[in-house]
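Hi,

Here is the structure I promised to pass on.

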Amino acid sequence: MEFQRILYQSIVWRGFYFATQLLLNILIARVYEPSGSGWLFYTLNNYAFVILVLSLSIDSGMGYYLAAGKIKPSKLSALGLTWTLLASFLSFLWLYYYASPPQESKRFFLAVSVGYIAGSMMISFFSALFHARKNFMTPNLVLVSINSIMIGLLGVLYYGNQQFISSQDFILIYIFSFFIQGLLLAVFFQVHASEKMAFPSSPELKWLLGYSLLAFTGNLLTFLVFRVDYWLIQYFGRNSEELGNYIQVSKLAQLFFTLPSVLATAVFPLTAGGLPSIGTDLKILSRIVFIAALSGCLVLALTGYWLFPAVFGEKFDDMYLPFLLLAPGIIAICLAYPLAGYFSGRNRISVNIFSSLLALILIVAGNIIFIPLYGIRGAAAVSSIGYISLCGFLLFNFKKYETAGARDLVVPRKADLAWLRQFMKKRAN
């Protein structure tokens with residue numbers, strides 16, 4: 001089956017990438033502790049918002065029209081590079097005039113920051129193009145390779161050899177490594193495209209912008225759903241230790257989203273390409289994902305009290321209760337990811353937009369009330385409620401396009417095990 005082949009490739013290579021991401025995150029947490037790692041990830045979160053705004057989610061339109069076979073890859077590659085250059089220039093102006101860089105190293109700060117923004121944008125653009133061509137190996141191999149180098153450098157730092165690399169040096173290298181990743185992806189995609197670069201025509205640009213602006217609205221709302229609590233925790237003056245603990249809980253939740261996001265990247269091009277059986281396969285996979293997420297949350301609920309400080313460091317002892325409060329929402333979002341990929345592939349982005357808007361309203365209103373009273377525990381509980389509402393909205397709308405209710409997506413069946421066995425048997429052969 002075409003779906004199983006694409007799914008297997010996606011799981012294997014994305015799995016390698018997320019494994020290196022997890023190890024890198026653990027080492028950063030142990031080396032820089034809650035306050036230092038919290039500051040780093042909070043800063044990168046701010047940059048991620050800038051990247052999202054400047055990109056206008058053009059990568060979503062690029063991936064959709066390449067998967068549908070309506071725009072040539074060489075045209076989309078040229079557009080991605082041109083867009084990156086323009087966004088880099090705008091980000092330089094923003095950082096130069098409105099940010100507050102350290103005056104003693106202003107030029108270096110600007111170079112590293114713009115490099116991070118440009119690199120992250122190229123990663124988004126060219127990963128989307130590779131995925132649309134059902135190639136998950138090349139982009140993830142590049143990302144895994146660079147992550148492995150970062151892990152090696154951080155390992156040297158963790159074991160005390162600061163003569164080779166200091167903690168400040170690593171932060172700068174780590175941030176700039178994103179530019180190297182993005183540049184390599186751009187070069188490799190052009191090699192794979194094997195066509196002379198051209199620029200999309202006016203009608204093609206209209207298609208791209210029309211789709212992408214809708215996707216941007218949804219992606220902006222989704223970004224805020226998952227990250228707005230960072231800013232609100234900071235705004236209400238919670239200390240850096242709390243913020244660092246909460247960000248690690250959030251990143252742990254993102255680890256749970258690994259498999260569902262992989263499924264979403266596999267579902268999207270096949271739905272966009274009109275694969276007839278995608279609805280049936282999606283139901284089976286949703287049930288498998290639900291059981292996997294539920295099992296993982298139960299395991300951490302039983303072990304997290306001692307496991308979190310043991311893995312991330314003794315100062316991460318305030319992760320456990322926020323994780324318990326966030327767990328129901330984590331399970332809901334795991335179920336929502338493949339559904340969101342389905343709606344994007346069907347060009348029904350408005351469904352994703354309204355689901356995220358509903359969740360965002362609940363999260364912002366709830367956080368304003370509960371963060372001053374209960375800190376990061378209140379933030380976790382409110383986010384969980386928002387995530388559940390997002391998933392519920394997607395489930396309600398999925399019933400309009402496929403013959404399925406909530407039970408069809410969460411209650412396991414004998415056919416699921418047979419499907420999984422067939423999937424593993426085909427991959428083993």
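Below are some notes on one helix contact and on the aromatic rings.

This is a predicted model, so to say: local features need pLDDT of at least 70, side-chain atom pairs count only at pLDDT 80 or more, and totals for chains, interfaces and linings use all residues. Residues are numbered from 1 along each chain as its sequence is written, and side-chain values use heavy atoms, with hydrogens and water left out.

Helices first. Helices here are DSSP runs (H or I, at least four residues), numbered from the N terminus. The axes of helix 3 (residues 73–97) and helix 6 (residues 167–193) come within 10 Å and cross at roughly 160 degrees; axes are lines fitted to C-alpha atoms over the stretch in contact, with angles from 0 to 180 degrees between N-to-C directions. The two helices are therefore roughly antiparallel (over 145 degrees). Pro73, Ser77 and Leu81 of helix 3 meet Ala186, Phe189, Gln190 and Ala193 of helix 6 (contact means heavy atoms within 4.5 Å).

Now the rings. Rings of Phe, Tyr and Trp (its six-membered ring) pair if their centres lie within 6.5 Å, and planes over 60 degrees apart count as edge-to-face. That rule gives 24 aromatic pairs. In one of them, Phe49 and Trp231 have ring centres 5.5 Å apart and planes at 90 degrees, so the pair is edge-to-face. Phe49 is in helix 1 (residues 2–55) and Trp231 in helix 7 (residues 202–235), so the pair ties together parts 182 residues apart in sequence.

Ring pairs also link Tyr47, Tyr116, Phe170, Tyr174 and Phe178 into a cluster.

Cheers

Conventions. Angles under 35 degrees count as roughly parallel, over 145 as roughly antiparallel, 65 to 115 as roughly perpendicular and the rest as oblique. Rings of Phe, Tyr and Trp (its six-membered ring) pair if their centres lie within 6.5 Å; planes under 30 degrees apart count as stacked, over 60 as edge-to-face and the rest as tilted.
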